[in-house]
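Subject: Structure handover

Hello,

Here is the structure I promised. Please open it first, then read my notes below.

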Amino acid sequence: MRQIILLLKGYRGAQLRRLGAPEVKFQELDSFYGWVDTQLTGVKTGTLAVGHMAEVMTSADFQYALGEFLQRRMEPAYKRKRFNFEPIVKMDTAPNYSAVTRYQDRAGVDDLEYVGEKGEASPGSRDDAIKKQWQVYKWQKQYEFSMEALVNDDLAYFSDQARLMAEAARRTLEKYVSRFMWNATTTGRLTALLAMYSTTGRLTTARISAARMAFNQRVDARGEPILASLKYIVHHSGLVDTVATIQNSTLVPELATNAVNVVRGTFTPIEDPFCAGTAPNLPWFALTDYAADNIVPFILGRRAGMPGAVIARKTPNMEIVGTMLGAGTPAPPLWGDFETGNIVLKVMDEWGTFISGTDGNMYDVNGCYYSSGTAP
Amino acid sequence: MATKILKSDVTRTKEGYLRVGWGSEEHAAMLGIRPAHEDDEIQHKGFALIDPTAFGPQATKIYLKESLRQQVEVLTGKPPKVLKNAPKMFIPTGGAAQGIV
């Protein structure tokens, strides 16, 4: 190694001579390589002060220090896509963690009958209501930090931990609701009901019209026509431009044509970033407006008094009672638990939905229409 | 060309839902198409639009043909089925923590 240093010194000296460097540069050269050589041998000659070396290296060190320590900062994190599911999911509350029961009236009563003179009307009947039950569950995640990690965090990396935890709670809920539509049980139920409740068509104006026709022909449990209007289309992220084209065109968008786009503006699109699909087979899901038609496609239950996510900290079980620094000296702040000094945070939420082995998560099948998006 | 004959297939499930058979006469009606007649100007795979005039006098031929093609692909294709990558329904099992994956 010392031979290499010697060669480097000779090479640098030749470079300086070629450049016509002043004598002082050659002195710096001696100091620098002499210092490195001294460090390698471990023998201090007393003639090469370390201070000389530091001076020679100042410029590079300073830049490094500026770059690594003074100019450090965190860049803003990614922004997250949201699934604004609220319009398609009816909110409900449960008083506790037990299952709650709801009854759906899915049929009217008998039609009237002609009764002849002195004839007696036949007795009417009323169908049983449909019983539905659901309950809420706890959703949680906890994080444990060492006190050292928080004290050493000069970049404030953990300063937005609470915000990220709250965001994770919302994201989990969005995934949960997204799963209502795309899970195998829900889609299996709709596809088993065939043409009135599902299709294979990719999203086009013509297919939306077919979906609307399917909704328009829905009937109650007695086969009587009911008001069911297509209001929302939840779609894969890959269909954003397709939906925008359909929505923004006054003419039918799939072709250069002059036919009027009757579908335009008749539905509200909702992008679901958690919908699984691979182009060109991108699924979509049409739904009714539960507020207008009383057909509730999906339900999201929360416990009363727990309307949203909360963040909790485990109370420290340590208290500083004195110091060895003398009377009146304030105790240094120390956090965490007595045993390890760790700090524990937890984000918590509570929600649930209707779960059925037959209907999947659909609270009312009449509010749903599914397309696998496979037919060209 | 012989006119296609579609079968009627509408039943009601025990819950009262209408079940319209895939490729049935009623399915074709929902899609706005019917078996073509010889004199139908716009045809695709033996089918024609029930009412080509429904799209207005300005509708071009290429538009009508494409509308017909899209609906015929659905009618004559296989019924929809659960996608291979469809996730399972989330059912809490109790016990260990369980995420949505």
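A:Arg202 is partly exposed, because its relative accessibility is 24% (buried means under 20% relative accessible area, exposed over 50%, partly exposed in between, with a 1.4 Å probe and protein chains only).

Before the rest, the conventions. This is a predicted model, where local features need pLDDT of at least 70 and side-chain atom pairs count only at pLDDT 80 or more, while totals for chains, interfaces and linings use all residues. Residues are numbered from 1 along each chain as its sequence is written, chains are lettered from A and ligands numbered from 1 in the order in which they are written, and side-chain values use heavy atoms, with hydrogens and water left out.

**Two arginines in loops**

Back to A:Arg202. This residue sits in the loop between β5 (198-201) and α7 of chain A. Helices (H or I, at least four residues) and strands (E, at least two) are DSSP runs, numbered from the N terminus. Leaving out residues up to four places away in sequence, A:Arg202 touches A:Arg207, A:Pro280, A:Asn281, A:Trp284, A:Gly373, A:Thr374, A:Ala375 and A:Pro376. Contact means heavy atoms within 4.5 Å. A:Ser371 is 169 residues from A:Arg202 along the chain, yet their C-alpha atoms are separated by 7.4 Å.

A:Arg80 lies in the loop between α3 (50-70) and β1 (89-94) of chain A. Its relative accessible area is 25%, so A:Arg80 is partly exposed. Neighbours within four places in sequence aside, A:Arg80 contacts A:Glu167, A:Arg170, A:Arg171, A:Glu174 and A:Phe274.

**Backbone points to check**

A:Pro280 is in the loop between β7 (268-272) and β8 (284-288) of chain A.

Which residues other than glycine have a positive phi? One is A:Ala156, with phi near 60 degrees. A:Ala156 belongs to the loop between α4 (147-151) and α5 (161-182) of chain A. With a relative accessible area of 38%, A:Ala156 is partly exposed. Another is A:Asn294, also with phi near 60 degrees. A:Asn294 is in the loop between α9 (290-293) and β9 (298-303) of chain A. A:Asn294 is exposed, at a relative accessible area of 66%.

**Nonpolar cores**

A nonpolar core is a set of buried Ala, Val, Leu, Ile, Met, Phe, Trp, Tyr and Cys residues joined through side-chain atoms within 4.5 Å. The largest has 72 residues, and A:Ile88 and A:Phe285 touch the most other members. Among the residues that A:Ile88 touches are A:Phe83, A:Met181, A:Tyr232, A:Val234 and A:Ile270. Apart from this core lies another, of eight residues, including A:Val100, A:Val136, A:Phe354 and A:Tyr363.

**A helix pair between chains**

Helix α7 (residues 205-216) of chain A packs on helix α2 (residues 61-76) of chain B at about 55 degrees, with the axes 9 Å apart. Axes are lines fitted to C-alpha atoms, for helices over the stretch in contact, and angles run from 0 to 180 degrees between N-to-C directions. α7(A) and α2(B) are therefore oblique to each other (under 35 degrees is roughly parallel, over 145 roughly antiparallel, 65 to 115 roughly perpendicular and the rest oblique). A:Ala206, A:Arg207 and A:Ala210 of α7(A) meet B:Gln70, B:Gln71, B:Glu73 and B:Val74 of α2(B).

Best wishes
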